[in-house]
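Please keep the sequence and the model open while going through them.

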Amino acid sequence: MCGIVCSFLPVENQSIIRTKVLEMARRLRHRGPDSSGIYGSFSAHLAHERLGITDFETGSQPLYSADKSVILIVNGEIYNYEQLRKEVGDYPYQSKSDSEILIALYLKYGIDFLDKLNGMYAFAIYDSRNDSFFIARDHLGIIPLYHGYDSKGQYFLASELKSLEGFCDLINQFPPGHYIHSLQGMDPIQYYKPGWENFESVEEKGTTDINLIRQSLEKAVRQQMVLDVPFAVLLSGGLDSSIIASIAKQEINERNLLTKKQSQLHSYAIGLAGAPDLLAARKVADYIGTTHHEVQFTLEEGIDAIRDVIYYLETYDVTTVRASTPMYLLARVMKSMGIKAVLSGEGSDELFGGYLYFHKAPSARAFHEETVRKLKKLHLYDCLRANKSLAAWGIEGRVPFLDIDFVNTAMSINPELKLIDKDHMEKWILRKAFEGSLPDEILWRQKEQFSDGVGYSWISTLKQYTEQEINDHSSKNAATRFPIHTPLSKEEFFYRRIFEELFPSGAAVATVPSVKSIACSTPEALAWDIAFQTMNDPSGRAILQVHNEAFK
């Protein structure tokens with residue numbers, strides 16, 4: 001995981017812009033603590049804060065073409081770079097970095113190569129030959145990216161909002177699956193246009209091959225386990241993280257047989273004392289044979305960390321803050337133990353309709369269309385949480401469920417096979433695909449959102465604490481204080497107040513979503529059940545008569 005900052009379309013002189021870019025980059029050093037680099041010219045500045053995952057000796061950025069005319073900075077990983085190197089053929093690579101393939105592809109194909117990439121990335125290329133720049137973000141926004149303009153019309157790009165805060169008057173998230181090529185204008189252009197977005201295409205042509213799910217996910221995990229640093233798996237004991245851990249452990253075992261080594265796979269879990277996730281994670285770790293680390297946090301530690309969490313996560317979204325806090329605390333422990341990268345299970349619930357409100361989906365069409373909406377918004381929620389909670393401590397998070405090939409496989413399944421009924425619980429098809437890989441009590445464990453699974457008293461305490469912190473008068477007059485995205489609860493009011501202390505500009509506030517939701521639903525899904533109309537709580541326990549421990 002790294003941090004990138006760029007400046008284009010300059011008006012001020014080079015020394016002034018360079019000073020600004022260096023300050024923006026400094027604010028990202030937690031993402032890339034290993035080294036820093038910058039390219040500067042009259043037309044462009046590109047700065048990079050590096051977290052070394054591969055190619056320590058020659059992989060520092062910016063990267064350059066052989067004649068130094070094309071300059072590249074990247075945050076992320078290109079997983080299929082070796083295959084792409086074969087496709088490109090003869091090219092004078094200056095490093096062993098997976099990122100340099102982007103220069104080779106650019107010189108061979110121009111900007112028409114994004115559909116060839118399998119990876120997670122946000123990158124910028126400056127071409128000094130024609131004074132142009134090319135920016136792109138991965139298919140679902142696994143890697144964060146923000147862009148904006150200052151009062152002079154100068155354009156800036158950065159991995160995190162905090163870099164642009166105070167410099168830009170207009171800030172937006174760079175849309176996933178889009179690019180900007182300055183020779184074509186400054187409006188983002190969509191390049192990722194999957195056919196599965198259309199319900200009719202998957203209804204009529206959708207696959208029913210359960211084995212394909214397993215094979216595709218196993219391939220994604222193997223591909224993302226190519227690292228030159230100590231790595232681990234996040235293990236909550238839920239279905240998704242347990243599947244990823246099981247595949248990773250199998251891959252480690254196979255590698256050990258080939259190399260005659262005894263490498264261990266480390267797994268990490270966090271929760272309050274006696275939390276459901278801690279108990280379940282321990283069972284999975286014992287079953288698959290990982291070296292397991294269990295971290296317990298207290299309610300006080302969680303509440304004390306909230307301000308830092310909001311600073312690093314750059315959001316006041318309730319469910320994101322709830323879930324990010326324990327993940328942020330866990331990342332610090334992993335960092336202290338030398339871990340630099342982790343595999344986690346984000347994305348599965350969006351692909352397979354795993355959230356408990358999907359029990360109320362009225363039809364296969366409604367179910368499928370909601371999964372499409374969830375995937376399009378994933379960069380605002382779970383991708384943001386998974387990336388920034390870990391990057392706060394200089395750890396790279398990898399998410400095999402969001403591998404582009406697996407996403408296309410999972411979303412091409414006939415939606416009828418994802419529907420939930422009395423004989424098929426949520427994510428039934430995924431569970432069937434991995435039958436035999438996990439204990440049955442884990443394989444068929446009910447969906448537990450991370451903020452619930454770390455201990456039910458975590459959310460209850462947050463509600464009680466924020467109820468005391470925000471008085472009724474302030475809550476009733478929230479629209480006066482916060483006219484943009486007015487908080488919908490005292491808890492959100494509390495997080496929003498902290499956010500605006502850290503990021504006071506109206507431009508920053510507008511980058512965060514604020515919508516009514518039940519158990520992480522989109523607003524559109526609230527029409528599925530009349531009971532949803534009067535509720536607004538992202539916890540899975542809000543789904544009455546579905547969650548085993550639903551709020552009473």
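Which side chain meets that of Lys-162 in a salt bridge? The points below begin with this pair; the model is a predicted one.

1. The partner of Lys-162 is Glu-160, and the N to O distance in this salt bridge is 2.6 Å. Lys-162 has a relative accessibility of 2% and counts as buried. Glu-160 is buried too, at a relative accessible area of 0%; the cut-off for this class is under 20%.

2. Glu-160 also forms a salt bridge with the side chain of Arg-31, at 2.9 Å from N to O. Arg-31 is found in the loop between helix 1 (14–26) and strand 2 (35–40), whereas Glu-160 belongs to the loop between strand 9 (155–158) and helix 4 (161–164); the pair therefore ties together parts that lie 129 residues apart in sequence. The relative accessible area of Arg-31 is 0%, and this residue is buried.

3. These contacts belong to a network of salt bridges that links Arg-31, Glu-160, Lys-162, Glu-314 and Lys-388. In total, the structure holds 38 salt bridges.

4. A further salt bridge joins the side chains of Lys-283 and Glu-441, with an N to O distance of 2.9 Å. Lys-283 is part of helix 8 and Glu-441 is part of helix 16 (residues 440–443), so this pair ties together parts that are 158 residues apart in sequence. Lys-283 is partly exposed, with a relative accessible area of 42%.

5. Attention now turns to strand 14. Of the 6 residues in this strand (residues 266–271), 5 are buried, so strand 14 is largely enclosed by the rest of the structure. Strand 14 pairs with strand 13 (residues 231–234) in the parallel sense, over 3 bridges. In this pairing Val-233 stands opposite Ser-267 of strand 14. Between the two strands the chain passes through helix 7 (residues 239–259), and this β-α-β crossover from strand 13 to strand 14 is right-handed.

6. Strand 14 also pairs with strand 15 (residues 291–296), again in the parallel sense. Here there are 6 bridges, and Tyr-268 stands opposite His-293 in strand 15. The chain runs from strand 14 through helix 8 (residues 276–288) to strand 15 in a right-handed β-α-β crossover. Helix 8 is also the element in which Lys-283, the partner of Glu-441, lies.

Terms used
Residues are numbered from 1 along each chain as its sequence is written. This is a predicted model: local features need pLDDT of at least 70, side-chain atom pairs count only at pLDDT 80 or more; totals for chains, interfaces and linings use all residues. Side-chain values use heavy atoms; hydrogens and water are left out. Buried means under 20% relative accessible area, exposed over 50%, partly exposed in between (1.4 Å probe, protein chains only). Helices (H or I, at least four residues) and strands (E, at least two) are DSSP runs, numbered from the N terminus. Two strands pair if DSSP finds at least two bridges between them. A crossover is right-handed if, with the strands pointing away from the viewer, the path from the first strand over the helix to the second runs clockwise. A salt bridge is a side-chain nitrogen of Lys or Arg within 4 Å of a carboxyl oxygen of Asp or Glu.
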